[in-house]
Amino acid sequence: MRGFLASSIGVTCAAALALPLTPPALAATARPVPATEAATTARPAPHAGTPVTTPADRRAAEPYAAGSTQSLPLEPLTRNRATPAAPTAEQGLPRRAVRHFSLVGVVWDDPDAELHGRVQVRTRAAGTGTWSGWQDVETHNADHAADPGTPERASARVRGATAPLWVGDSDGVELRVRSEPGSSAAGSSEHTSGPRNLPAAPPLPSGLRLELVDPGEDDDPSHGAAADGPRTAGGLNAENSALAEASAANADLAPLGATEIAALSRAETEQEYLALNAGELTEQQRQAKPYVGPRPGIVTRRGWGANEGLRESGFRYTRKVRAAFVHHTASGNNYRCSQVPSLIRSIYRYHVKSMGWRDIGYNFLIDKCGKIYEGRAGGVARPVLGAHTLGFNSNSMGIAVLGSYGATKPSKSAVKAVARLTAWKLGLYRVNPKGKTYLRSAGSNLHRKGKKVRLNVISGHRDGFKTECPGRKLYKKLGSARSKAARYQGR
């Protein structure tokens, strides 16, 4: 798609002029919290209903629009009686009042360390003051990451993390993290508080922190360029440049600054296919009927209010798209479709500010109402390198269905959207959704580094990594998605 690349680069400067300047956000907090500030922001409230009023909290409580992250270090909840100095097997936070947030997750220092145990959280609804019951947070999240050895994975900012959990607008939280026996690491300790024949609980990772993410307001999509903290004129220019850059990457598909890339008919899509592949098709390929599904409507990053000041500048590409990996976000199903822009902004902020990635990990996201959203920046028709399937991010794309689908069936609308999206995007690269392909593993717990692995063109995350993702119920629907996608392509 060299023609598409050249035209996108050519309009970047024009885009910077065409897009309106974004007013600065008044104030917002962001991770990482400075060490001197972390100690004060983590201090528990005097009463369950009284917020902390440290200087850091007063600064963060000012009006803001661009979202924020509260990062609170966990406290020991129990001590090892045999060895008081040993790491505690249970950490958390007592019930406390905090600033508003809508999504939670737990992070730790070492991205290669695993949390062998259980994470549970309770939250207080901001509107009613009602506390929820205990909710489990998915701890096995290391399989969603950049490939080993890549700059993104090797960044000193990257942390280990649980999956994020959407809880809705909340202003109170209680957390407990318990180490549990049964992992390969269990039993290595000489000390145990239980019977001798039971393995000791493995130690929890170091540097555990609770991340409370507020997606911010998004009444005006043009607010997407606002980044954290005070603004200078130079900062505003850089942020608007990032906004223009993200919009220009889709310039061949939609007007600059568009909040949605419109759906096309089959005939229109076939013309788009020829234009995007100009210079790469043989004469025979140009004359042949293209097997490409009609382009579906796609909400752009500007449409869901992406704060382009959060991500790293520039884009990273792989050679082509040979396969699509389907995921679930494991963030729970208790969201309304009207809340999805806020949910995506929260996941984006969690991936970048809490986990240390360069951008949101997925190339696309789909909600339970079947709406498709642009994920990682770089252009929806381009082979953007994501951080979704550890070991298989090259020459693939990652599609995340918002929700948890281990015990819950995905909606028909969501499965249909997976089929429509893959029929179009794979069609641009002349790939049959019902076919097989080979990808070379960059290293995972299922396939050694360098191994050429034969996969379905539309695969589940678990096909590349030993994981429950995309959930048993969604995984069972992938056969239907493949068949539908092939039909959309006219096969």
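Guide: Here is a walk that begins with the disulfide and then moves to other parts of the chain.

Keep in mind that this is a predicted model. The average pLDDT of the protein is 82, and 77% of the residues reach at least 70. Where pLDDT is low, the predicted coordinates should not be read in detail.

Now to the disulfide. The count for the protein is 1. The partners are Cys 337 and Cys 369, with the sulfurs 2.0 Å apart. The torsion about their S-S bond is about 95°, so the disulfide is right-handed. The pair links distant parts of the chain, 32 residues apart. Cys 337 sits in the loop between strand 11 (323–328) and helix 9 (340–354). Cys 369 sits in the loop between strand 12 (364–366) and strand 13 (372–374). The cut-off for exposed is over 50%.

Step back to the whole chain for a moment. The protein has 491 residues, and 55% of them are buried. Its secondary structure comes to 12 helices and 17 strands. Of the contacts with a separation of 6 or more, 78% are between residues 24 or more positions apart.

Follow strand 13 onward and you reach the loop between strand 13 and strand 14 (396–401), where Gly 386 lies. Gly 386 counts as buried because its relative accessibility is 3%. Leaving out residues up to four places away in sequence, Gly 386 touches Gly 361, Asn 363, Arg 376 and Asn 393. Thr 318 is 68 residues from Gly 386 in sequence, yet their C-alpha atoms are 8.9 Å apart.

Asn 395 belongs to the loop between strand 13 and strand 14 as well. Asn 395 is not a glycine, but its phi is positive, about 60°. Most residues other than glycine have a negative phi, and most peptide bonds are trans. Asn 395 has a relative accessible area of 14%, so it is buried.

Arg 430 also has a positive phi, near 60°. Its place is the loop between helix 10 (412–428) and strand 15 (436–440). Arg 430 has a relative accessibility of 37%, so it counts as partly exposed.

The peptide bond between Cys 469 and Pro 470 is cis, with omega about 10°. Pro 470 is in the loop between strand 17 (458–460) and helix 11 (472–475). Cys 469 has 4% relative accessibility and therefore counts as buried.

Next, the spaces. The largest pocket holds about 810 Å³. Its lining has 41 residues, and those closest to its centre are His 140, Asn 141, Ala 142, Asp 143 and Thr 467. By class, that lining has 18 nonpolar, 13 polar and 10 charged residues.

A search of the whole structure finds 4 cavities of 30 Å³ or more.

Thr 300 counts as buried because its relative accessibility is 5%. Beyond four places in sequence, Thr 300 is in contact with Ala 258, Thr 259, Glu 260, Ile 261 and Glu 374.

One last stop is Ala 201, in the loop between strand 7 (165–179) and strand 8 (209–214). At 31% relative accessibility, Ala 201 counts as partly exposed. Residues up to four places away aside, Ala 201 touches Ala 89, Ser 179, Glu 180 and Pro 181. Gly 117 is 84 residues away along the chain, with 8.5 Å between its C-alpha atom and that of Ala 201.

Conventions:
Residues numbered from 1 in each chain as written. Predicted model: local features only at pLDDT ≥ 70, side-chain atom pairs only at ≥ 80, totals over all residues. Heavy atoms only, no water. pLDDT = per-residue confidence, 0-100. 1 Å grid on protein atoms, 1.4 Å probe; cavity = no way out; pocket = protein on both sides within 12 Å on 5 of 7 lines; lining within 4 Å. Points joined across faces, edges and corners; volume = space filled by probe spheres on them. Disulfide = S-S within 2.5 Å. Helix = DSSP H or I, 4+ residues; strand = E, 2+ residues; numbered from the N terminus. Buried < 20%, exposed > 50% of the residue type's maximum accessible area, 1.4 Å probe, protein only. Nonpolar A, V, L, I, M, F, W, Y, C, P; charged D, E, K, R; others polar. Contact = heavy atoms within 4.5 Å.
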